[in-house]
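Work through the exercises below with the sequence and the model side by side. Try each task before reading its solution.

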Amino acid sequence: MYTEYRKEVNFSESPNVYLLSLKEKMNEVLNVIKNRTSLRNYDNRDISVEDLNTIIESAMRAPTAGNMMFYSIIVIKDKDKKLALSKTCDNQAFIAKAPVLLLFVADMQRQYDYYKVSGVKEYCKKKGLDYTAPSKGDFLLACSDALVAAQNAVIAGESLGIGSCYIGDIMENYEKHKKMLNLPPWAFPICMLTFGYYKEDEKKIIKSRFDKKYIVFEEEYKNLNHEDFKEMYKEKEKYVVKGNKFNAENFGQLIYGRKSGSDFMKEMNRSVEVALKFWDRHEL
Ligand SMILES: Cc1cc2nc3c(=O)[nH]c(=O)nc-3n(C[C@H](O)[C@H](O)[C@H](O)COP(=O)(O)O)c2cc1C
């Protein structure tokens with residue numbers, strides 16, 4: 001393969017570009033990562049049992065804090081439930097059309113239920129140790145576990161011709177989702193993934209990313225200045241059209257209006273604050 005590829009490449013390219021594309025050509029994993037896109041338009045076919053199992057088992061092979069798997073995965077195929085979720089997740093109709101949804105739950109409930117049956121409270125009392133409920137650190141650890149697993153599912157799906165899309169809006173409407181999905185207090189729905197096969201004629205659009213120099217720093221954090229931001233957002237500024245819905249004069253104003261300052265973001269912050277009340281390390 002190496003020799004064949006050497007014949008194809010343009011040797012006028014820099015050695016780094018050459019080496020990177022060579023690695024991609026020879027390494028299917030890098031190929032899948034580089035060509036992944038968020039898919040919101042799915043083929044009608046159901047996902048095969050075998051493929052779904054592969055996706056789930058790949059998620060479960062992800063690294064996990066202390067090998068304890070502080071997450072649960074809820075597989076959702078029911079039409080009515082998908083429709084309800086498409087509404088509670090900021091009215092995104094495509095969610096209802098995805099053959100399968102995987103909900104990743106940051107889950108400390110199972111761990112603490114296990115502590116209960118293991119007599120940990122009594123053990124702590126005997127040993128003079130504190131026995132307290134999960135707190136913000138446990139919350140973030142469980143979220144980390146769940147998200148790391150979710151991304152493994154995305155990459156596994158993509159390698160099988162199954163596209164996916166993260167639904168961050170699952171963090172909204174906590175009370176409704178808690179009821180709809182029978183979630184106990186220390187189980188928070190941190191992300192949802194839609195899954196479906198790519199349509200045969202699907203034209204992938206690979207979205208660009210910011211230049212590495214604004215995202216990756218050497219040894220310590222770097223604060224960006226006005227000039228850096230001007231350069232960093234140069235491409236995005238082109239999306240700001242006169243008379244836009246947010247009356248924005250630049251991309252910063254536009255993206256604040258559309259995302260950070262939006263109603264859905266207000267709802268997400270409210271919802272997470274309600275959920276976090278359970279994660280306050282109170283006495284058990
Ligand atoms: C945490 C998170 C939440 C997201 N939430 C949504 C969502 O609710 N709806 C949606 O259509 N896309 C959502 N996305 C997908 C992003 O819009 C997408 O990744 C981004 O535009 C880059 O496009 P690409 O994935 O095709 O490269 C989310 C992605 C992440 C990582």
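The model is predicted: local features need pLDDT of at least 70, side-chain atom pairs count only at pLDDT 80 or more, and totals for chains, interfaces and linings use all residues. Residues are numbered from 1 along each chain as its sequence is written.

**Exercise 1.** Describe the overall make-up of the protein.

Solution. The secondary structure comes to 13 helices and four strands; helices (H or I, at least four residues) and strands (E, at least two) are DSSP runs numbered from the N terminus. The C-alpha trace spans about 75 × 50 × 45 Å along its principal axes. Of the 284 residues, 23% are buried. A residue is buried if 20 or more other C-beta atoms, placed from the backbone, lie within 10 Å of its own C-beta, exposed if 12 or fewer do, and partly exposed in between.

**Exercise 2.** Check the length of helix 4 and assign its sides.

Solution. Step one: helix 4 has 12 residues (49-60), so at 1.5 Å a residue it should span 16 Å, the expected span being 1.5 Å times one less than the number of residues. The end C-alpha atoms are 16 Å apart, which agrees.

Step two: the buried residues of helix 4 are Leu52, Ile55 and Ala59. They cover an arc of only 60 degrees around the axis, so they lie on the same side of helix 4; the arc is that of the directions from the helix axis to the C-beta atoms.

Step three: on the other side of helix 4, Val49, Glu50, Asn53 and Glu57 are exposed.

Step four: the buried residues of helix 4 pack against several elements, including strand 1 (71-76) and helix 9 (136-159). Contact is taken as C-beta atoms, placed from the backbone, within 7 Å.

**Exercise 3.** Which residues have the most contacts inside the largest nonpolar core?

Solution. The largest nonpolar core has 46 residues, and those with the most contacts inside it are Phe104, Val105, Ala146 and Leu193. Such a core is a set of buried Ala, Val, Leu, Ile, Met, Phe, Trp, Tyr and Cys residues joined through C-beta atoms within 7 Å. Beyond four places in sequence, Phe104 touches Tyr71, Ile73, Ala146, Ala149, Ala150, Ile190 and Cys191.

**Exercise 4.** Which element gives the most to the shell around the ligand?

Solution. Strand 3 does, with three residues. Among the residues around the ligand are Arg40, Cys165, Asp169 and Lys207, where the C-beta atom, placed from the backbone, must lie within 6 Å.

**Exercise 5.** Is Arg110 buried, exposed or partly exposed?

Solution. Arg110 lies in helix 7 (residues 109-117). Arg110 has 18 C-beta neighbours inside 10 Å and therefore counts as partly exposed.

How values were computed
Two residues are in contact if their C-beta atoms, placed from the backbone, lie within 7 Å.
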